[in-house]
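Please read it alongside the sequence and the coordinates.

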Amino acid sequence: MTTDKNRVIIFDTTLRDGEQSPGASMTLTEKIRVAEALEALGVDVIEAGFAIASNGDFESVNEVAKLMKKTSVCSLARASHKDIDRAWEALKPAVKPRIHTFISTSPLHMKFKLQMEPEEVLEAIADSVAYARNLCDDVEWSCEDGTRTEEDFLYKSIETAIKAGATTINVPDTVGYTTPQEYKEMIEKIIANVPDSDKAIFSTHCHNDLGLAVANSIAAVQGGARQIECTINGIGERAGNAALEEIVMAFRTRHDMLPYDTGVVTENITKTSRLVSSVTGLAVQNNKAIVGANAFAHESGIHQDGMLKNAETYEIMTPESVGLKESSLVMGKHSGRHAFREKLKDLGYELGDNEFMSAFQAFKDLADRKKTVYDEDIISIVDENMQDNDH
Ligand code: KIV
Ligand code: ZN
């Protein structure tokens, strides 16, 4: 049983951080299609772009802001009045606008990237958050490279942002460096040590450089975060961001261990994944969890036999729950008699025992030579066997 305090806000950044994947640029029309799909998917916040980055980005944030009926629309802005003004200008038509402003807080970023002293960074946080809050009631602040920030300075920065009016505090793992246990404890300690931490919602934003983005995001929620920033198919800078579909299905499938709820309509996951893949040109790897072509496909004879008896033997969630019509039993050299007979039935054939055995042998011989055996291959095997038996 869950209560509202276990409701996790899903902040989708496919159109901003996701678009920062090399080669993933989307046109305005494509961004609008994705935003509409995200609203139908039930995400809570759409980060539609970085309004100051280009006129195209401004226009897409602005158009998405006009179109969304119930979803919050957000634009990213650095800690500068010019950035924040541009974000606000683009967001004005939104039913629920959010300004997301950020600055780096790690020693490395402050010294080499910003070339600012820590005191100057604190002043910039106070000034930028207060400026944004003057324009918009919903202001998110992020400490870029948060997971490599010194503990005391992290607390001080977050305290400053909350005092200036930030309503969401995001602690990004910008370079995908943290581990689940470390990140969970970091969020717990922030909530315990920062004054007035109950005035803000804490958020996670994980990159996947070590393949830990989803695990880290879930750990942050276990530590008290109640917003997850993620993207469809996990697209994003370098190795990508935390994959929305994996997080949401982990909550749904392991609700016993992860009693968190989202507003996501999981049955829309597959079509949203396919749309994002087609507009970005980024193919989804076959073995990708939840949305990969093989996520609900079974080839080995033992697994296919189990599936035909009871799907729960080899599937922990149903294909229907993510919007797929059915699982697939892929016919290959590992397939057994049971699956072959079912396949023949699907194709409209009922063979006698002798015909069946010779067709099955011919299928196995072909499968040894050919990676994938298609329905047409099976049809011609059966036709040949039937003709042989007729003569
Ligand atoms: O990875 C990151 O730190 C970001 C911030 C701008 C939120 O994308
Ligand atoms: Zn990021």
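## Strand β7 and its partners

T204 stands opposite I228 in β8; strands, like helices, are DSSP runs numbered from the N terminus (E, at least two residues, for strands; H or I, at least four residues, for helices). Strands β7 and β8 (residues 227-230) pair in the parallel sense over three bridges, where pairing requires that DSSP find at least two bridges between two strands. The chain passes from β7 through α8 to β8 in a right-handed β-α-β crossover. Right-handed here denotes a clockwise path from the first strand over the helix to the second, with the strands pointing away from the viewer.

On its pairing with β6 (residues 168-173), β7 is again parallel, with six bridges, and D173 stands opposite C206. Strand β6, helix α7 (residues 180-193) and β7 form a right-handed β-α-β unit. Because five of the six residues of β7 (residues 201-206) are buried, this strand is largely enclosed by the rest of the structure. A residue is buried if 20 or more other C-beta atoms lie within 10 Å of its own, exposed if 12 or fewer do, and partly exposed in between, with C-beta atoms placed from the backbone.

## Model and confidence

The model is predicted: local features need pLDDT of at least 70 and side-chain atom pairs count only at pLDDT 80 or more, whereas totals for chains, interfaces and linings use all residues. Residues are numbered from 1 along each chain as its sequence is written, while chains are lettered from A and ligands numbered from 1 in the order in which they are written.

The protein averages a pLDDT of 96, and 98% of the residues score at least 70; pLDDT is the predictor's confidence in each residue, from 0 to 100. For the complex, the predictor gives an ipTM of 0.99 and a pTM of 0.95.

## Strand β4

Eight of the eight residues of β4 (residues 97-104) are buried, so this strand is largely enclosed by the rest of the structure. P97, I99, T101 and I103 point one way from β4, and R98, H100, F102 and S104 the other way. In a regular strand the side chains alternate between the two faces of the sheet.

Strand β3 (residues 72-78) runs parallel to β4 and is joined to it by six bridges, with H100 as the bridge partner of L76. Together with helix α3 (residues 81-91), β3 and β4 make a right-handed β-α-β unit. Strand β4 also pairs with β5 (residues 139-144) in the parallel sense over six bridges, and E144 in β5 is the bridge partner of S104.

## Nonpolar cores

The largest nonpolar core has 90 residues, and those with the most contacts inside it are I46, A48, A65, V73, I169 and I247. Such a core is a set of buried Ala, Val, Leu, Ile, Met, Phe, Trp, Tyr and Cys residues joined through C-beta atoms within 7 Å. Helix α8 (residues 213-222) gives the most to this core, with seven residues. A second, separate core of 12 residues includes M307, F363, I378 and V382.

## Annotated positions

An unreviewed UniProt entry lists D17, H205, H207 and N241 under "binding site". Although these positions are spread over 225 residues of sequence, they cluster in space, with a largest C-alpha distance of 10.2 Å.

H205 lies in strand β7 and counts as buried, with 29 C-beta neighbours inside 10 Å. N241 is located in the loop between β8 and α9 (244-253) and is buried, with 32 other C-beta atoms within 10 Å. Leaving aside neighbours within four places in sequence, the contacts of N241 (C-beta atoms, placed from the backbone, within 7 Å) include D17 and H207.

Notes: UniProt positions are given in the numbering used here, feature names are shortened, and annotations may be inferred rather than shown by experiment. Two residues are in contact if their C-beta atoms, placed from the backbone, lie within 7 Å.
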